[in-house]
Amino acid sequence: MSSGVQIREFELEDYEVVEEIWRITDLYNTRDNKGRYEKIWRKNKDLFLIAEKDKWIIGSVYGVFPYMWFSLPTFSIGYIGHLAIHPDAQGLGVGSKLIDEICKRLRNRGKTRVFLFASPSEGRREDLYRFYRERHGFKNISDLFFKRL
């Protein structure tokens, strides 16, 4: 399925292509900008990942160690953001490859749980929920997904 797909770490030169994938997959929002993601990348370069096939960037995901606006200990919690796969590469296992790799890297950093938000368009909701719940063992409360690593 995802044969020939390579996972590598993000480089700043990738930003424009990655942003375009976020835009066409409805993940882009007004807070997204190169400066913001450069800060994320500089703090955890090994947690901002790219999927590519034949030198073509087809997906991305990043992981961070979040601060919480409510008072829960966050030392063992990781956050997964902007898992996005170019529409021409969806359904080929690329998202699974990225989610497995980012979870492995977060676990190697001592994280025991991860969470993410998913707010898909209505037409993709069931596919996305099935992807996280059935294929990757996440539980959810509405659009908040979480998993023990």
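The side chains of Asp32 and His82 are joined by a polar contact of 3.1 Å. Here a polar contact is a pair of N or O atoms within 3.5 Å; within protein, one must be able to donate a hydrogen and the other to accept it, and residues adjacent in sequence count only if both atoms are side-chain atoms. This is a predicted model, where local features need pLDDT of at least 70, side-chain atom pairs count only at pLDDT 80 or more, and totals for chains, interfaces and linings use all residues. Residues are numbered from 1 along each chain as its sequence is written, and side-chain values use heavy atoms, with hydrogens and water left out.

**Around Asp32**

- You can find Asp32 in the loop between helix H1 (15-24) and helix H2 (34-43); helices (H or I, at least four residues) and strands (E, at least two) are DSSP runs, numbered from the N terminus.
- Asp32 counts as buried because its relative accessibility is 2%, and buried means under 20% relative accessible area (1.4 Å probe, protein chains only).
- Its side chain also makes a polar contact of 2.5 Å with the side chain of Tyr37.

**The nonpolar cores**

- A nonpolar core is a set of buried Ala, Val, Leu, Ile, Met, Phe, Trp, Tyr and Cys residues joined through side-chain atoms within 4.5 Å.
- The largest one has 24 residues, and Ile80, Ile99 and Tyr132 have the most contacts inside it.
- Among the elements that give two or more residues to this core are strand E4 (77-85) and helix H4 (125-135).
- Helix H3 gives the most to this core, with six residues.
- A second, separate core has 18 residues, including Ile40 and Phe115.

Key:
Buried < 20%, exposed > 50% of the residue type's maximum accessible area, 1.4 Å probe, protein only.
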